[in-house]
Amino acid sequence: MKVGKESEHLVLDKENKILYVANKASASVSALDLVTGEVKSTYTTGKKPHGLNLSDHGRFMFIANKGSETLTRVDLSRSEEHTSELQS
């Protein structure tokens with residue numbers, strides 16, 4: 001399975017079918033279908049995505065972007081990404 005560069009930080013969906021992989025050097029997250037072995041989707045994030053978390057119901061994924069001090073929210077039901085700056 002080929003994903004982005006410097007892949008690290010993984011999270012598995014509740015059904016154990018989709019594995020989300022943060023691609024640090026590619027500023028993206030890949031969704032791997034573990035049944036077919038294919039990349040299902042790739043989501044654009046801020047620089048150096050570092051941490052991933054899925055909402056309890058599985059609709060949203062939240063990504064902390066270490067290199068840009070931003071947070072990306074992905075609506076997985078619509079395949080829409082939104083990145084916001086973090087306030088200090």
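**Chain surface and core**

The protein chain of this predicted model exposes about 5700 Å², and carbon and sulfur atoms supply 47% of that area.

Visitor: What's the secondary structure of the protein chain, then?
Guide: The protein chain has zero helices and eight strands. Along the sequence the pattern reads β-β-β-β-β-β-β-β.

Visitor: And how compact is the chain?
Guide: The radius of gyration is 12 Å and the globule rule gives 12 Å for 88 residues, so the protein chain is as compact as a globular protein of that length. Along the principal axes, the C-alpha atoms fill a box of roughly 40 × 30 × 20 Å.

Visitor: How much of it is buried?
Guide: Of the 88 residues in the protein chain, 35% are buried.

Visitor: Which residues of the largest nonpolar core touch the most other members?
Guide: Tyr-20, Tyr-43, Leu-52, Met-61 and Leu-76, in a core of 13 residues. Strand 2 (18–23), strand 3 (28–33), strand 5 (49–54) and strand 6 (60–65) each give two or more residues to this core.

Visitor: Which strand gives the largest share?
Guide: Strand 2, with three residues.

Visitor: Take Leu-52. What is Leu-52 in contact with, leaving aside neighbours within four places in sequence?
Guide: His-9, Leu-10, Val-11, Tyr-20, Val-21, Ala-22, Val-29, Met-61, Phe-62 and Ile-63. Two of these, Tyr-20 and Met-61, are also among the core residues that touch the most other members.

Visitor: Changing topic: how many charged side chains, positive and negative?
Guide: There are 12 positive and 12 negative side chains, and the centres of the two sets lie 3 Å apart.

Key:
Residues are numbered from 1 along each chain as its sequence is written. This is a predicted model: local features need pLDDT of at least 70, side-chain atom pairs count only at pLDDT 80 or more; totals for chains, interfaces and linings use all residues. Side-chain values use heavy atoms; hydrogens and water are left out. Helices (H or I, at least four residues) and strands (E, at least two) are DSSP runs, numbered from the N terminus. The radius of gyration is taken over C-alpha atoms; the globule rule is 2.2 Å times the number of residues to the power 0.38. Buried means under 20% relative accessible area, exposed over 50%, partly exposed in between (1.4 Å probe, protein chains only). Accessible areas come from the Shrake-Rupley method with a 1.4 Å probe; for residues, only the protein chains shown count as cover. Lys and Arg count as positive and Asp and Glu as negative; His and the chain ends are not counted. The place of a charge is taken as NZ of Lys, CZ of Arg, CG of Asp or CD of Glu. A nonpolar core is a set of buried Ala, Val, Leu, Ile, Met, Phe, Trp, Tyr and Cys residues joined through side-chain atoms within 4.5 Å. Contact means heavy atoms within 4.5 Å.
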